[in-house]
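Subject: Structure handover

Hi,

Here is the structure I promised to pass on. Have a look at it first, then read my notes below.

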Amino acid sequence: MTIITRRTALGGMAASALAMPGFAKAPMLGASRPMYRRVTLGGMEVTTLLDGARTVENPENMFGKNAGPEPVRALLTENRLPADKAEFTFLPVLVNTGAELVLFDTGNGPGARPALGQLTAQIEAAGYTADQVDVVVITHMHPDHIGGLMEGDAPAFPNARYVMGADEYNFWSSQDRVGTPAERIYTMVQSMVVPLAEKTTFINPGDAVVSGIEAVGAFGHTPGHMAYHIESNGQRLLLTADAANHFVLALQRPDWSFSFDADADQATATRRELFGMIAADKIPFTGYHMPYPALGYVEASGDGFTYTPASYQLNI
């Protein structure tokens with residue numbers, strides 16, 4: 001004798017429904033993430049914009065060559081991350097001072113790898129338009145930071161003026177780069193950056209971009225790499241650009257080399273100085289390749305730093 005219970009009856013009904021023509025399972029949609037995050041900083045608003053993300057195999061080929069592959073993989077595993085791959089996000093930043101809209105870096109630009117070069121769409125999603133940008137600041141001239149400066153032969157931000165480090169511009173625009181490994185970036189700078197020189201202010205560490213935003217020397221990743229200190233109504237944030245390129249590998253082990261740093265020793269000293277200050281002053285920072293939304297804090301831990309993502313501190 002078969003005993004029918006409520007559970008078996010409902011199970012049978014569900015199975016019958018799934019078998020009916022036209023009754024399909026919901027499709028798999030893949031992982032998703034928000035594309036921008038806006039927070040308050042005193043009287044300013046700071047918006048991080050996801051230009052895209054890509055996965056890189058074998059992160060030990062980029063980080064910690066002076067340590068060896070096994071320590072790199074072990075540290076990733078210890079932090080519950082895949083040992084054989086790493087994800088890199090690209091996050092330009094918009095700062096609305098109330099008087100001017102300031103964009104830091106321009107992403108990979110049109111025609112970049114799939115899933116990259118989305119800055120213009122994210123600016124619009126965040127409630128702005130490209131022609132509202134008053135100032136474009138370039139932290140350094142690697143392709144993923146200058147790729148969105150132009151759209152074809154026209155500036156992508158038609159009403160903006162530009163700010164960049166004098167040392168950085170002089171290095172990458174010099175013909176001395178021709179015939180060296182830096183020639184590819186030199187060529188890109190000639191087409192993307194040099195045409196904007198007449199609208200550009202070339203600055204040094206300590207110079208102001210606008211009221212409340214000051215350049216901080218952060219050399220090493222590139223010869224003229226800059227960070228920026230942002231302050232409003234007593235609240236502070238440091239924009240570190242590429243001073244650290246991974247929230248575990250570069251921060252927990254700041255002495256590990258990174259393959260894209262032009263001067264490994266200087267880059268290490270910069271990491272220690274910048275993040276030591278952030279930790280001591282207990283202020284938030286935003287880093288171009290930190291995990292979305294690239295806003296967080298660090299504290300000194302052992303011989304390096306540990307990263308804590310911001311939650312609601314910057315909302316209220």
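One term to start with: a contact means heavy atoms within 4.5 Å. With that in hand, Thr200 touches Tyr162 and Met164, not counting residues up to four places away in sequence.

Before you go on, note that this is a predicted model, where local features need pLDDT of at least 70 and side-chain atom pairs count only at pLDDT 80 or more, while totals for chains, interfaces and linings use all residues. Residues are numbered from 1 along each chain as its sequence is written, and side-chain values use heavy atoms, with hydrogens and water left out.

Now the overall picture. The chain has 7 helices and 18 strands; helices (H or I, at least four residues) and strands (E, at least two) are DSSP runs, numbered from the N terminus. Its C-alpha atoms fill a box of roughly 90 × 45 × 45 Å along the principal axes. Of the 316 residues, 49% count as buried. Here buried means under 20% relative accessible area, exposed means over 50%, and partly exposed is in between (1.4 Å probe, protein chains only). Among contacts with a separation of 6 or more, 68% are between residues 24 or more positions apart.

Back to Thr200 for a moment. It sits in strand β11 (residues 200–203) and is buried, because its relative accessible area is 11%. A polar atom of its side chain lies 2.7 Å from the backbone oxygen of Leu196.

Next, the sheet. Strands of a sheet pair through backbone hydrogen bonds, either parallel or antiparallel. In this model there is an open sheet of 7 strands in the order β12-β13-β14-β15-β16-β17-β18, with mixed pairing. Two strands pair if DSSP finds at least two bridges between them. The edge strands are β12 (208–210) and β18, each pairing on one side only. From one strand to the next, the twist averages 35°. (Axes are lines fitted to C-alpha atoms, for helices over the stretch in contact, and angles run from 0 to 180 degrees between N-to-C directions.)

Let's walk through part of that sheet:

- β14 and β15 run antiparallel, joined by 5 bridges, and Ile230 stands opposite Leu237 in β15. Their hairpin has 2 residues between the strands, and Asn233 takes a positive phi near 50° there.
- β15 and β16 run parallel, with 3 bridges; Leu239 has Thr286 in β16 as its bridge partner.
- β16 and β17 are antiparallel again, with 2 bridges, and Phe285 is partnered by Gly296 in β17.

How much of β15 is buried? The count is 5 of its 7 residues, so β15 is largely enclosed by the rest of the structure.

Now for helix α7. It lies across β13, β14, β15, β16, β17 and β18, running at about 160° to β15. Its buried residues are Ala267, Thr268, Thr270, Arg271, Leu274, Phe275, Ile278 and Ala279. Seen down the axis, they fall within an arc of 160°, so they line one face of α7. (The arc is that of the directions from the helix axis to the C-beta atoms.) The face turned away from that buried side carries the exposed residues Asp265, Glu273 and Ala280. After α7 comes Lys282, with a positive phi near 55°.

Cheers

Key
A polar contact is a pair of N or O atoms within 3.5 Å; within protein, one must be able to donate a hydrogen and the other to accept it, and residues adjacent in sequence count only if both atoms are side-chain atoms.
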